[in-house]
Amino acid sequence: MVRRMIPAAVSDPPPSAAASARRFSGHGLVCIRGERIVFANLNLTLAPGEALLLLGPNGSGKSSLLRLMAGLLRPAAGSLAWDDGPVREDPERHHARTRYVGHTDTIKPVLTARENLAFWAKVCANEDDTRATLQARTDAALDRLALARLADVPGRMLSAGQKRRLNLARLLAAPAPLWLMDEPTTALDKGSVATLEAIMAEHRATGGMIALSTHLDVNLPGARVLNLDDFAVDAATAYGLHEDRHPEDLRA
Amino acid sequence: MMGAVLAVLRRDLRLALRQGADSLMVVAFFVITVSLFPFGVGPEMAVLERISAGVVWVTALLASMLSLDRLFQTDYEDGSLDLLTLTPTPTIAIVLGKVAAHWLTTGLPLIVASPLLAVLLAMRPEGYGVLVAAMALGTPTLSLVGSVGAALVLGARRGGVLLSLLVLPLYIPVLVFGVSAVDAAVMGLDFGPQLMIMGALLLATLVLCPWAASAALKQAVE
């Protein structure tokens, strides 16, 4: 079993990701890129502990949806909201609750792995996080993703997989309830994928939420599937109102 | 919020120090370009002295602009800009941190180098102090105005040329009052009003430019 080869988690309790156990939802989302409607009338909800698996062929809007959920893209129509108010009214609060992992690795070649990670831990930190807390979190995150040995290696010397792991370490170094992950397993070996799956399971067990897009098999037990193809506008069902589906629905 | 701004400032300073060439290049450009003028217009002291303030200021403007394209470009290319706009800190504050780092790594060296170049151009000694004071007020304004341009040209091809077209016209007020302050000091006139206007320009850009730049950055990451 590949999974067993990765040492179990460091004994630290998972960071308090789900400090606010709130639901996140999107209603009637429409995304337009370059005068093309990528998807329309898309609804989604995420409750604490839930995961949403985004599927669909290239160009179906998985990345766009994640960027939209992160707040990088503005929806052409529809809205995103937490339990306590729309995202639009308080984007900073939304940013404090979400972590986005995109295609790029966001690693500065001249900074060491630890400096890279510590920077993101610092800029995403709460006001009341002390320097010691941040440092402990950074070290624990490096440890968890098996980067502790590489902590003082400059970013330019890291391999693609190591860069990706460092980018994922951001999720642990700067905890937030909602993780938006755009093909996070790219460039990862099997062992690292297993570690990532374990980290995601822990995150959900503590009330965290995950929206993840992938081409590969990522083990996300009980995740709901959102097939972006269903919301393409040229599909026969265009402009019908979809609810996001459970795997059971898809089998039917 | 202050913590995040300082973190951005520290990171950008660290990046600039580790790839030290950038900062050095700006000063080298400043020094070399200014020292071309005595060759071009001839070594008559009277002529050099007459144009000294203008030459130092125009060259400082160009040198400051030269380094602008790296203000957001690398962060834009490696995806850091996406994440910076997604932090709980307002983007305006992030911009302020980055501009402060830009000024410390380019504006400050220009201020230090300017009196030496004034000597080279035979400026009268009464002008040195005012030149430094005017540069101290003017160079942060240049960095602030430049940040708007740098944010607007993100993603554009040949952004560097476009940037100079956008930014140089906006540098004119700083140039006019910067030169005028030094000229007034050399002629023994009151230079207070010019410095005050430069201070006012700095305060106005301090309020407006981070706001405009952050709006442009949000457009750029879309």
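Predicted model: local features only at pLDDT ≥ 70, side-chain atom pairs only at ≥ 80, totals over all residues.
Which residues have the most contacts inside the largest nonpolar core?

**Figure 1. The largest nonpolar core, with residues from chains A and B.** This core has 141 residues. Those with the most contacts inside the core are Leu117(A), Ala169(A) and Leu180(A), together with Val56(B) and Ala134(B). Helix H7 of chain B, residues 126-152, gives the core its largest share, 13 residues. As background, nonpolar side chains tend to be buried together in soluble globular proteins.

**Figure 2. The surroundings of Leu117(A).** Here we zoom in on one of the residues with the most contacts inside the core, Leu117(A). Leaving aside residues up to four places away in sequence, Leu117(A) touches Thr138(A), Ala141(A) and Leu142(A), and also Leu166(A), Ala169(A), Arg170(A) and Ala173(A). Ala169(A), one of these partners, is itself among the residues with the most contacts inside the core.

**Figure 3. Where chain A meets chain B.** In this view, 21 residues of chain A are in contact with 21 residues of chain B. On the chain A side, helix H3 (91-97) and helix H4 (113-123) each supply at least two of the touching residues. The largest share of that side comes from H4(A), with 4 residues. Sorted by class, the side of chain A that touches chain B has 13 nonpolar, 5 polar and 3 charged residues.

**Figure 4. Chain B, a chain of helices.** Chain B has 10 helices and 0 strands, so please expect the order α-α-α-α-α-α-α-α-α-α from the N terminus on. Its radius of gyration is 18 Å, close to the 17 Å that the globule rule gives for 222 residues, so chain B is as compact as a globular protein of that length. The C-alpha trace of chain B spans about 55 × 35 × 30 Å along its principal axes, and 50% of the 222 residues count as buried. Of the contacts in chain B between residues at least 6 apart in sequence, 81% join residues at least 24 apart.

**Figure 5. Helices H1(B) and H6(B) packed together.** Helix H1 (residues 2-18) and helix H6 (residues 91-120) of chain B pack at an angle of about 35 degrees, and their axes are 8 Å apart. Their crossing is right-handed. From H1(B), the residues that meet H6(B) include Ala4(B), Val8(B), Asp12(B) and Ala16(B); on the H6(B) side, Ile94(B), Gly97(B), Lys98(B) and Leu104(B) are among them. The contact has 12 nonpolar, 2 polar and 2 charged residues.

How values were computed. Residues numbered from 1 in each chain as written. Chains lettered and ligands numbered in written order. Contact = placed C-beta atoms within 7 Å. Nonpolar A, V, L, I, M, F, W, Y, C, P; charged D, E, K, R; others polar. Core = buried A, V, L, I, M, F, W, Y, C linked by C-beta atoms within 7 Å. Buried ≥ 20, exposed ≤ 12 C-beta atoms within 10 Å, placed from the backbone. Rg over C-alpha atoms; globule rule 2.2 N^0.38 Å. Axes fitted to C-alpha atoms, helices over the stretch in contact; angles between N-to-C directions. Left-handed = near helix turned anticlockwise from the far one by under 90°.
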